[in-house]
Amino acid sequence: MILGALALVALIASGIRMAGGEDVWVLQHLYALPALWAALGRGTTGGALVGLVASLVQSLGTFPLIERAGLSWVALDGIISLATPLTLGVTVGKLADQSRGRGIQLDALLEIQRSLAVGGPLDARLAQVAGLARRALGADRVRLVLEAGGDIPVSASAPESFWPAEAGPPASSIPCRRLELRLDAGQGPVGALILERDGDLSSGDRSRASELAAHVALAIENARLAERQRHFARDLEEKIGAATRRLRELDQAKNEFLTIASHELRTPLTALQGFSELLLTRAVPPERARRYLSHIHTEAQRLGRIVGDLLDHSRIESGRGPQLHRVPLDLAGIIEANVEIFASQHPRHRFDWSGSARVPALCADRDAVDRMLKNLLSNAIKYSPRGGRIRVEAGFAPDRPGMVEVSVEDDGVGIAAEALPRIFDPYVRVANPETATAPGLGLGLSLVRGLAHAHGGSVEVESLPGKGSRFRVLLPG
Ligand code: ADP
């Protein structure tokens, strides 16, 4: 291009020479054209070089003309226009350089934003950003250091070998300028941009570097925000997935519950219908009639318990909670009576109850405490199908100041660890071949939990499959 511009200078010179006459003064202004062309195409260097040549060539024609024609107004215009090609070449060249530099910077910014917008760990993309910043700023070395949230900051350099983290800047014979800029997008510093150039850093370079640092800080903030959003979306997806799975499980459990509930209700009902029909239609001897009546009584009690559990459950589910009448209780007496009843009905199990000496007084709902105990005791029996020892204890909870604990421990089938968090949920029954035929609605423990919570207490379990379980009800003393 420079050669083309110089050729144009020569063309204009020969054109002017051929034209001759008075009008050549006007034609001298044409020397500005090649200077402009070179400045636009090759910046300050091109513009200055071609402008200088054009001015020199123009002077070769101007001075002889002044000699001939004297210092007229036209000659004065010729002298002034001598400097025009050089001035235009330099000025327009500078402007062209600036706009080109700005274009490069804008391209680099776009690239930086693009590379930071890609997902994945930030440090992996930082080296690319350092390379782009180095190119955009015409620096020899660039290093980016970012706070990573932890103790160790993330960093990247261009070229890669620039200042290995512990080594510090390399000693060099060429004097170099270094600029350290804070990366701050308005919400506190996120890191630093450090650049070095062998030689000088002009004030224009410095201001371009500050501008780029501000944009890099913004892009980093945006990238972090996008990363957080991606994280949040992933979390949300996982949570929704888990909630959907849980809803499906509950739905399935509810369906199973309906089947079990119908079966549970039908069993005592069938017994009631059968024995009452026998008593009504046959002449039964008194002792047999008494036995039938005792069966009817037991089954009616069972039916009553099932209906009671269902009613309590629906109260708890609807958020109304059980109605409590708190009174000072003889906790030891309640435990004793229950142990006696269960022991008499289940001779294969050995009950271990150490008595009333250490049992503290308790202010609670009598019926609720009785039902919690009955549920835990009947579970301990149901889920130790081969018989075994059932240990009942009561006292102040050693690890919960101010709480009274009642615990029921068995050496039955136990519960798998993964099922433990669910057993207090309604309708949940843990599948176990040994206890597959055990009756139940899957509501007992949920009621125990509801009643304990209503008192301001809680229920806990420890269990090992094949070894047994220990349930502990904690109530405020
Ligand atoms: P249900 O006994 O009517 O099935 P629960 O709510 O009382 O319902 O108990 C829920 C589930 O927890 C039971 O189905 C059983 O799998 C398990 N479970 C409760 N108590 C025990 C225990 N003492 N030993 C082993 N498993 C138990």
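## Asn 375 in helix α10

Asn 375 sits in helix α10. The model described here is predicted. Is Asn 375 buried or exposed? Its relative accessibility is 14%, so Asn 375 counts as buried; the cut-off for buried is under 20%.

Which residues does Asn 375 touch beyond its neighbours within four places in sequence? Asn 375 is in contact with Gly 444 and Val 448.

Helix α10 spans residues 366–382. The largest nonpolar core has 40 residues. Two of them, Leu 331 and Ile 335, touch the most other members. Helix α10 gives this core its largest share, eight residues.

Take Leu 331. Residues up to four places away in sequence are set aside here. A second core is separate and holds 33 residues. Among them are Ala 108, Ile 112, Val 190 and Leu 212. In soluble globular proteins, nonpolar side chains tend to be buried together.

## Around the ligand

How many residues surround the ligand? The shell has 18. The closest are Asn 379, Tyr 383, Asp 410, Arg 429 and Leu 445. By type, the shell divides into nine nonpolar, six polar and three charged residues.

Helix α10 returns here. At least two shell residues come from each of α10, α11 (444–454) and β11 (468–476).

Leu 441 uses its backbone instead. One of its backbone N or O atoms lies 3.0 Å from a ligand oxygen atom. Ser 469 contributes a side-chain N or O atom, 3.4 Å from a nitrogen atom of the ligand.

How much of the ligand does the protein bury? Taken alone, the ligand exposes 530 Å². The protein buries 97% of that.

## Arg 266 in helix α7

Arg 266 belongs to helix α7, which covers residues 203–281. Is Arg 266 buried or exposed? Its relative accessible area is 52%, so Arg 266 is exposed; exposed means over 50%.

Where does Leu 303 lie relative to Arg 266? In sequence, the two are 37 residues apart. In space, they are 9.3 Å apart, C-alpha to C-alpha.

Terms used:
Residues numbered from 1 in each chain as written. Predicted model: local features only at pLDDT ≥ 70, side-chain atom pairs only at ≥ 80, totals over all residues. Heavy atoms only, no water. Core = buried A, V, L, I, M, F, W, Y, C linked by side-chain atoms within 4.5 Å. Buried < 20%, exposed > 50% of the residue type's maximum accessible area, 1.4 Å probe, protein only. Helix = DSSP H or I, 4+ residues; strand = E, 2+ residues; numbered from the N terminus. Contact = heavy atoms within 4.5 Å. Near = heavy atom within 4 Å. Polar contact = N/O pair within 3.5 Å; in protein donor to acceptor, adjacent residues only side chain to side chain. Areas by Shrake-Rupley, 256 points an atom, 1.4 Å probe, with all protein chains shown as cover. Nonpolar A, V, L, I, M, F, W, Y, C, P; charged D, E, K, R; others polar.
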